[in-house]
Amino acid sequence: MSTSPVPVIYEGDDFNPDTCGSMQSKADSLQPSQSSEETVVLKKKVNLLRGISIIIGTIIGAGIFISPKGILQHTGTVPTALAMWTACGILSLFGALSYAELGTSIPKSGAHYTYILEAFGPLSAFVRVWVELIIIRPASTAVISLAFGQYVLHPLFMPCGVPEIAVKITTTIGIRETHNFHQPSHQKEVSLSGLPLAFYSGMYAYAGWFYMNFVTEEVENPEKNIPRAICISMVVVTVCYILTNVAYFAVMSPEEILASDAVAV
């Protein structure tokens, strides 16, 4: 009757790996694997040019088609309206630079949510996210939807005005049902009480300068590229908006702009 040999495990200094290739020393077994120390991070692929594209692409939109009439209504004259567009661009640049400082001080993606989370805690950040989802985003989408309906129907009803019910139906089909927005009565003289409303119309057109902070962790050299991208983008957008309004005034009189609900058609 043969007996099988009993395997012997060697440890310590006497262990020879050449004699037992399938066994590991105690020191090797205690070393953590390289994969356990790896962390998941976002790749930094957003350079200066891509950052400028992000900001300009998010700012320029429905605002340039909606705001010209509102600014002219509350300023009264063409030079004052152009000056208001410039002032709104400068004010937006100041706000964007403040956000650039936040982005370089807190190098995390998420923008509003991240900054409120760092400053005030998770409860305030949680409330901010839900306000964005329930109030801010739906209201912005409603305005864009109404502009969409107005511009789609305006060529079909020229030279007559577009019925409000038709705008509502088209808006509902396009995106969602929205409330009716009433235009305030226009005025011919500059009034200090109308300037805040003119600023409001202009700032709506410049909304979106903070979107680069949503991808801060993906920006290459954010300490330099974020401020540079913001400054270049705001200058480009401001110049484009002013030139667009100059084009409006070159082919339309102020009375025609005030009488039109779709100035670009």
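Start by selecting Thr104. This residue is partly exposed, because its relative accessible area is 25%, which falls between the 20% limit for buried and the 50% limit for exposed. Keep in mind as you look that the whole model is predicted.

Now widen the selection to residues 78–105. That is helix α4, the helix that holds Thr104. Next, show what touches Thr104. Leaving aside neighbours within four places in sequence, you'll find Thr104 in contact with Pro222 and Glu223. While you're there, pick Pro227 too: Thr104 and Pro227 sit 123 residues apart in sequence, yet their C-alpha atoms are 8.9 Å apart in space.

Those partners lead on to the next stop. Select residues 222–251, which form helix α9, and then residues 63–75, which form helix α3. At what angle do α3 and α9 pack? The answer is about 70°, with the two axes 11 Å apart. Angles from 65 to 115 degrees count as roughly perpendicular, and α3 and α9 are therefore roughly perpendicular to each other. Their crossing is right-handed.

Zoom in on the place where these helices meet. On the α3 side, select Ile64, Phe65, Pro68 and Leu72; on the α9 side, select Tyr241, Thr244, Asn245, Tyr248 and Phe249. Colour this contact by residue type and you get 7 nonpolar residues, 2 polar ones and no charged ones.

Time to zoom out. Show the protein as a cartoon and count the elements: there are 10 helices and 0 strands. The protein has 265 residues, and 33% of them count as buried. Of the contacts between residues at least 6 apart in sequence, 75% join residues at least 24 apart.

For the last stop, colour everything by pLDDT. The mean for the protein is 75, and 68% of the residues reach 70 or more.

Then look at residues 32–36, where the pLDDT is below 50 and the model has 1 contact beyond near neighbours in sequence. Finish on residues 174–187: here pLDDT stays under 50 as well, and the model has 27 contacts beyond four places in sequence for this stretch.

Technical notes. Residues numbered from 1 in each chain as written. Predicted model: local features only at pLDDT ≥ 70, side-chain atom pairs only at ≥ 80, totals over all residues. Heavy atoms only, no water. Axes fitted to C-alpha atoms, helices over the stretch in contact; angles between N-to-C directions. Helix = DSSP H or I, 4+ residues; strand = E, 2+ residues; numbered from the N terminus. Parallel < 35°, antiparallel > 145°, perpendicular 65-115°, else oblique. Left-handed = near helix turned anticlockwise from the far one by under 90°. Contact = heavy atoms within 4.5 Å. Nonpolar A, V, L, I, M, F, W, Y, C, P; charged D, E, K, R; others polar. pLDDT = per-residue confidence, 0-100. Buried < 20%, exposed > 50% of the residue type's maximum accessible area, 1.4 Å probe, protein only.
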